[in-house]
Amino acid sequence: MGVPQHLAERMSMAEQHEYLRARFSRRTMIRGGAVTLGAVAGGAFVPGATAQAAVPTQLTAPATEAVDGALVAPFGRHLAYGNDPRTQMTISWQVPVAVKKPFVRIGAHPWDLSRRIEAEVRTLYTPAGVGASGDRTQYYVHAQLTHLRPGRTYYYGVGHQGFDPAAPHLLGTLGTFTTAPAHKRPFTFTAFGDQGVSYHALANDSLILGQNPAFHLHAGDIAYGDPAGQGKASDTGFDSRTWDQFLAQTESVAKSVPWMVSYGNHDMEAWYSPNGYGGEEARFTLPDNGPDRKHLPGVYSFVHGNTAVISLDPNDISFEIPANLGLSGGTQTKWLEARLKRFRAAEDIDFVVVFFHHCAYCTSTGHASEGGVREEWVPLFEKYTVDLVINGHNHQYERTDVIKAGAVTKKLPIGGTAYPESEGVVYVTAGAAGRSLYAFSAPDSYEGHEHEVDSVASFVNVEGGKRNETVTWSRVRYLDYSFLRVDVNPAPKGRHATLKVQGIAETGDRIDHFTVARRAK
């Protein structure tokens with residue numbers, strides 16, 4: 001990406017960012033000017049509704065003049081929950097060139113879009129020499145909606161001066177979203193990691209849309225703009241244009257389903273910010289209730305119905321890929337424990353689901369398991385009896401038995417039921433969303449093609465390298481493209497609420513299913 005290899009080997013993400021800025025910013029400033037990104041907010045939706053802009057960010061970019069807005073169509077729409085999914089939603093999109101006065105129209109019916117809310121533009125500039133493309137400016141637009149009504153479906157359209165989605169000939173560009181309910185109700189969500197841009201990614205997206213999920217979890221390695229994924233400014237092949245392709249590909253789902261991302265190793269892009277996440281902050285608006293928005297923008301939580309979801313950033317604790325190792329100074333783990341304690345004490349929350357990139361338990365020959373996760377977070381998952389942990393990083397589907405203290409406490413066959421309150425935690429690697437696949441050292445074993453083995457040879461990434469291990473917890477292994485579907489079923493107080501979890505292949509076949517049961521509060 002621009003730092004010589006012999007230097008990058010010794011640099012943290014922040015040091016690489018400073019090197020790139022020193023090398024490229026001088027000539028950038030000669031060619032252009034500093035563009036300050038701020039809020040363009042206002043409007044009203046329902047009484048008290050507002051569009052709320054993110055904290056202004058300053059980036060360097062060449063001066064750009066807007067073209068006739070009638071010639072520019074928005075693309076790459078993607079939704080995200082705010083801190084309260086019952087009343088908050090962010091609508092984000094992209095435009096290929098600068099436009100004037102972007103906005104969202106929204107209403108309860110497609111023929112009633114008179115409410116107009118202005119939006120914020122975040123300009124992301126990548127100079128020639130940083131990666132594979134020449135000078136590149138990207139324009140991402142965001143409108144944060146508040147004071148929505150729980151459990152309601154809204155129609156919306158995105159536009160700008162010269163392009164009004166309420167115009168009769170543009171009604172086909174409208175989208176919808178539904179806020180989270182005020183009370184416990186059954187719902188479905190989907191999850192995967194490591195998607196990128198490919199035919200397989202498109203196939204998975206089409207199947208996910210058919211599941212009618214309330215939201216989707218993307219457990220890191222989102223677009224692969226940085227295909228090397230070592231978090232180094234010397235990573236070859238970096239191309240910011242890959243994000244344009246990804247957002248266009250994902251729009252079929254993300255325009256109506258909140259697409260909740262966490263950050264993986266391929267999401268660290270050194271040019272934009274010291275932590276590598278400046279590009280993601282331009283492209284996504286996520287809940288801001290995490291421990292440290294400045295350093296850890298991908299760490300947050302939200303509650304949908306009876307289920308709390310926590311997104312973590314394992315780059316902060318990764319021994320395998322240490323570019324951001326120690327980024328939070330321990331604050332992320334402290335926040336995680338406080339959040340787990342809070343959710344477990346909440347009367348209206350039954351389940352806690354945690355998703356992040358690096359695997360706690362996986363036997364892939366690619367990355368296998370991350371020792372930092374086992375040291376920092378697994379003890380907390382067990383202490384607070386987390387119901388389901390979803391990872392990516394390894395490009396396949398793998399599911400464990402029930403685990404506590406590194407050992408199997410209960411074999412969990414396909415179709416079995418786990419009781420985390422007394423037994424332990426189940427971990428699922430769902431990293432086969434679209435990128436090239438990895439390999440197992442043991443045979444595949446999945447629904448209809450079970451091949452049980454007593455143990456599997458693998459390794460765990462620890463400080464200073466890899467440590468070989470032989471494990472007995474690898475229950476389901478499937479080496480092809482797939483994703484995860486989770487059906488959440490509340491129950492009356494004292495009875496067992498359930499998470500019914502399914503692994504679904506790109507073909508539509510079910511490759512795994514099991515149940516997590518917990519006594520409802």
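Are Y81 and F215 buried or exposed? Y81 is buried, and F215 is too; here buried means under 20% relative accessible area, exposed over 50% and partly exposed in between, with a 1.4 Å probe and protein chains only. The model is predicted, so local features need pLDDT of at least 70 and side-chain atom pairs count only at pLDDT 80 or more, while totals for chains, interfaces and linings use all residues. Residues are numbered from 1 along each chain as its sequence is written, and side-chain values use heavy atoms, with hydrogens and water left out.

Now for the rings. Rings of Phe, Tyr and Trp (its six-membered ring) pair if their centres lie within 6.5 Å; planes under 30 degrees apart are stacked, over 60 edge-to-face, and the rest tilted. That rule gives 18 aromatic pairs. One of them joins Y81 and F215, edge-to-face at 6.1 Å centre to centre with 65 degrees between the planes. Because Y81 sits in strand β3 (residues 75–81) and F215 in strand β12 (residues 215–219), this pair ties together parts 134 residues apart in sequence. Strands are DSSP runs of E, at least two residues, numbered from the N terminus. Y81 and F215 also belong to one aromatic cluster with F187, F189 and F302.

Y361 and W473 have ring centres 5.3 Å apart and planes at 75 degrees, so they pair edge-to-face. Both are buried.

Charges turn up over rings as well, meaning NZ of Lys or CZ of Arg within 6 Å of the ring centre and within 35 degrees of the ring normal. R116 has its charged end over F103, 3.8 Å from the ring centre, and R435 lies over the face of Y224 at 4.0 Å.

Definitions and conventions:
Helix = DSSP H or I, 4+ residues; strand = E, 2+ residues; numbered from the N terminus.
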